[in-house]
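Here's a quick tour for anyone meeting this protein for the first time. Have a look, and then we'll go through some questions together.

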Amino acid sequence: MKKSIDISPNLETLFGTRDENLHVLEDGLNINIDLRSDSIELEGAARDVARAQQVFADYDQLQRSGHIFNNGDLNSMLRVLIGDPKATLRGLAEAGRQRSFGRRTVQPKSVNQRRYVEAIENHDMVFGIGPAGTGKTYLAVAMAISALLAKRVNRIILARPAVEAGERLGFLPGTLQDKIDPYLRPLYDALYDMLEPEKVDRYLEKSVIEIAPIAFMRGRTLNDSFVILDEAQNTTSEQMKMFVTRLGFNSKAVITGDVTQIDLPAARRSGLLEAVDVLKKVDGLTFVYFDEGDVVRHHLVQRIIRAYDEHKTRVAEEQMLLLESKSSANGKSNGADNSHPEKSEPGREVDAGE
């Protein structure tokens with residue numbers, strides 16, 4: 001099927017640098033896009049051409065309504081749209097506009113990130129599990145700020161397990177806050193990225209935003225709060241059970257972690273891994289899983305994560321082959337020992353009656 005679309009004013013801004021957005025549409029929808037002097041020719045299956053046509057129509061309408069796309073948001077939306085046949089460009093843009101994230105515009109950059117944001121909106125407890133750089137913590141903090149600014153909650157509580165990285169907390173210099181701040185720095189970074197520094201400092205001073213190690217959660221009931229537990233793979237079983245039972249009325253909890261980066265002693269099982277087994281059938285909470293395709297850091301990070309995953313698989317396969325070869329060798333050895341049962345031990349005669 002072929003379809004021709006007139007080029008309206010400013011429609012060319014959809015094309016992207018070196019037509020990268022058009023290439024995303026071509027590859028994702030399996031169509032050909034041919035640029036003419038005054039029109040765009042679309043060719044492909046009828047359904048795919050119709051979806052591409054809808055993208056151009058939505059973009060034109062968003063432009064006319066004054067919508068501004070920032071920081072690669074358009075490219076990210078197109079990738080989400082391709083991954084979800086039910087999504088539309090207009091729907092994605094308006095969903096982002098409905099949320100207030102302070103001074104930042106936060107837009108999901110993959111299908112899993114979109115599911116994560118929607119899960120946080122629709123559930124009281126969400127587990128976000130996946131590798132580094134997939135936006136688990138950043139999006140959770142963004143949704144917390146959105147809820148606070150919209151007055152859906154009264155405070156934000158951000159917690160992390162203070163796993164010691166080769167140093168004992170007691171031997172680090174400074175006050176208790178000075179000792180734990182390095183473990184919580186990524187949470188501070190996300191806050192200062194989305195809100196004005198003066199506002200963050202004011203919220204921290206008034207305990208509207210509280211950042212603390214998970215141990216500080218013990219014995220509390222958290223009402224009207226948005227609670228985030230980051231680096232949850234480093235919680236113990238007891239800590240995780242304690243945290244998930246802190247949730248009070250009109251509160252949300254988001255638990256994030258990367259099960260490939262557990263820093264607990266070998267004898268301790270991760271509380272996050274146990275929670276996946278124990279809570280997977282509990283109504284009212286949900287799990288969202290990310291993979292390297294959701295990494296939104298430098299493109300090199302995706303390749304690094306993939307390389308580590310391939311290495312892990314390769315090592316596991318080599319260990320399995322080694323175990324099989326040892327088992328086979330032991331079997332042959334046992335067979336050789338039993339091949340002459342009539343042979344007597346040295347210095348012992350064999351009685352025919354035995």
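Q: How many helices and strands are there in the protein?
A: First, a word on the model: it is predicted, so local features need pLDDT of at least 70 and side-chain atom pairs count only at pLDDT 80 or more, while totals for chains, interfaces and linings use all residues. Residues are numbered from 1 along each chain as its sequence is written, and side-chain values use heavy atoms, with hydrogens and water left out. Helices (H or I, at least four residues) and strands (E, at least two) are DSSP runs, numbered from the N terminus. The protein has 11 helices and nine strands.

Q: What share of the residues of the protein count as buried?
A: Buried means under 20% relative accessible area, exposed means over 50%, and partly exposed is in between (1.4 Å probe, protein chains only). Of the 354 residues, the share that counts as buried is 41%.

Q: Which elements are included in what covers the buried residues of helix 9?
A: Helix 9 spans residues 237-244, and its buried residues are Gln239, Met240, Met242, Phe243 and Val244. The cover includes strand 4 (125-129), strand 7 (225-229), strand 8 (252-257) and helix 10.

Q: Is Ile68 buried or exposed?
A: Ile68 sits in the loop between helix 2 (46-64) and helix 3 (73-83). Its relative accessibility is 62%, so Ile68 counts as exposed.

Q: How many residues apart are Asp60 and Arg64?
A: Their side chains meet in a salt bridge, with 3.0 Å from N to O. That term means a side-chain nitrogen of Lys or Arg within 4 Å of a carboxyl oxygen of Asp or Glu. Arg64 is exposed, at 63% relative accessibility. Both residues lie in helix 2, about one turn of the helix apart, and the spacing is four residues.

Q: Which residues are linked with Asp84 in a network of salt bridges?
A: Asp84 forms a salt bridge with Arg114, the closest N and O atoms being 2.5 Å apart. This pair links distant parts of the chain, 30 residues apart: Asp84 is in the loop between helix 3 and helix 4 (89-98), and Arg114 is in helix 5 (residues 111-122). The network links Asp84 with Arg114 and Glu118.

Q: With which residue does Arg36 form a salt bridge?
A: Arg36 is partly exposed, with a relative accessible area of 45%. The closest N and O atoms of the pair are 2.9 Å apart, and the partner is Asp34.

Technical notes. Contact = heavy atoms within 4.5 Å.
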